[in-house]
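Hi,

Here is the structure I said I'd pass on. Have a look first, and my notes follow below.

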Amino acid sequence: MRTYHLHTPGRIDGIVARDTAHRPDPGPRDIVVRMRAVSLNRRDLLILHAKYPLAAPPDQIPLSDGAGEVVAVGDEVTRFTVGDRVTSTYFPNWIDGRITPAVIDQPGATLPGMLAEYVRLDQDAAVRAPDHLGWEEAACLPCAGVTAWHAVTGGDPLLTGETVLTLGTGAVSLFAVQFAKTLGAEVVATTSGPAKAERLKALGADHVIDHAANPAWAQAVREVTGGRGADLVVETVGPDTIEQSVRAAALYGRIVLIAANSPRRDSLEISTDTLASSLLTMRRIFVGSRTQVEAMNKAIALNALRPVVDRVFGFDEVHEAYGYYASGAAFGKVVIRIA
């Protein structure tokens with residue numbers, strides 16, 4: 001089988017392909033998955049450049065997100081059978097409840113990743129993929145999908161008729177638009193340019209604000225919400241937008257902080273004047289548990305939702321896929337088809 005390895009950190013061409021004679025065999029509690037597709041996330045670039053909080057060991061197999069077909073199971077496996085369609089999970093050991101330091105291991109970082117023709121997983125480290133999704137779509141769910149689901153369903157419940165604010169057109173924001181609409185929320189989204197605005201509206205956004213034309217876009221959010229502001233802000237940019245996000249939030253609004261770092265700023269700064277008129281709460285999240293993955297998949301299946309896939313590359317085009325993703329040009333997920 002063929003696998004890719006991060007042989008030389010800091011360079012896309014430092015990701016090298018290797019061929020081995022045999023696919024892995026399952027242990028007693030393991031499944032072996034023939035991978036069909038994988039997808040890229042922001043953390044994969046951070047790992048590539050050795051800037052991720054969890055250090056990857058030398059020669060690690062990259063990527064956390066993948067979908068494929070179970071081709072072998074161990075003697076003690078009870079959750080899956082041969083032929084099941086599955087996806088990976090971002091935190092294989094985080095089943096439910098709050099995350100703890102004991103369950104922070106992740107594929108593509110501290111554990112071997114998904115960029116391989118076959119992978120071996122503990123049966124607890126996978127979930128069934130929604131039946132209506134293709135392989136490329138299913139491969140988009142484990143990181144960005146679950147993060148967005150956690151953002152809109154974790155903490156205080158999102159009530160029908162509340163307003164959700166999303167920022168930009170990254171994969172988490174696009175998932176958040178879709179999930180918020182299925183929960184009966186009004187969605188305000190920011191982006192730059194009319195083409196992206198039209199695509200956001202087609203996805204379900206009720207209002208789209210051009211942040212390039214409106215640098216102080218918080219005021220525009222208040223205008224389209226009748227002065228109230230957003231009940232929930234899915235903050236995917238962090239240091240560059242946090243001040244405007246706080247200004248855009250309703251009096252008792254909630255901000256879910258997903259991105260806390262930026263290449264331009266090394267701290268979150270909120271002016272005292274901005275905080276003085278707010279009673280908001282801020283919650284930091286990081287992807288989600290397997291229980292949240294399964295709840296998300298039920299909602300995706302019930303509402304026939306489909307992830308937004310921007311572009312699909314071949315298994316021999318891994319470097320091109322990384323380069324395209326790093327360019328920031330994608331509207332939605334960048335996927336690598338394996339088989």
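**What I found**

Leaving out residues up to four places away in sequence, aspartate 231 touches Glu162, Thr163, Ala250, Gly253 and Arg254. Keep in mind that this is a predicted model. Aspartate 231 sits in strand β11, which covers residues 230-235. Its relative accessibility is 12%, so aspartate 231 counts as buried, the cut-off being under 20%.

Next, the helix pair. The axes of α3 (residues 141-153) and α9 (residues 290-302) come within 10 Å of each other and cross at roughly 85°. That falls between 65 and 115 degrees, so α3 and α9 count as roughly perpendicular. On the α3 side, the contact is made by Leu141, Gly145, Val146, Trp149 and His150. From α9 come Gln292, Val293, Ala295, Met296, Asn297, Ala299 and Ile300. Sorted by class, this contact has 8 nonpolar and 4 polar residues, with no charged ones.

And then the cores. Which residues touch the most other members of the largest nonpolar core? They are Leu115 and Phe179, in a core of 87 residues. If you select leucine 115 and ignore neighbours within four places in sequence, you'll find it in contact with Thr3, Tyr4, Val38, Ile61, Pro62, Leu63, Phe315, Val318 and Ile336. Another core, of 16 residues, lies apart from the largest one, and Leu165, Leu167, Trp217 and Leu280 are among its members.

Cheers

Conventions: Residues numbered from 1 in each chain as written. Predicted model: local features only at pLDDT ≥ 70, side-chain atom pairs only at ≥ 80, totals over all residues. Heavy atoms only, no water. Axes fitted to C-alpha atoms, helices over the stretch in contact; angles between N-to-C directions. Helix = DSSP H or I, 4+ residues; strand = E, 2+ residues; numbered from the N terminus. Parallel < 35°, antiparallel > 145°, perpendicular 65-115°, else oblique. Contact = heavy atoms within 4.5 Å. Nonpolar A, V, L, I, M, F, W, Y, C, P; charged D, E, K, R; others polar. Buried < 20%, exposed > 50% of the residue type's maximum accessible area, 1.4 Å probe, protein only. Core = buried A, V, L, I, M, F, W, Y, C linked by side-chain atoms within 4.5 Å.
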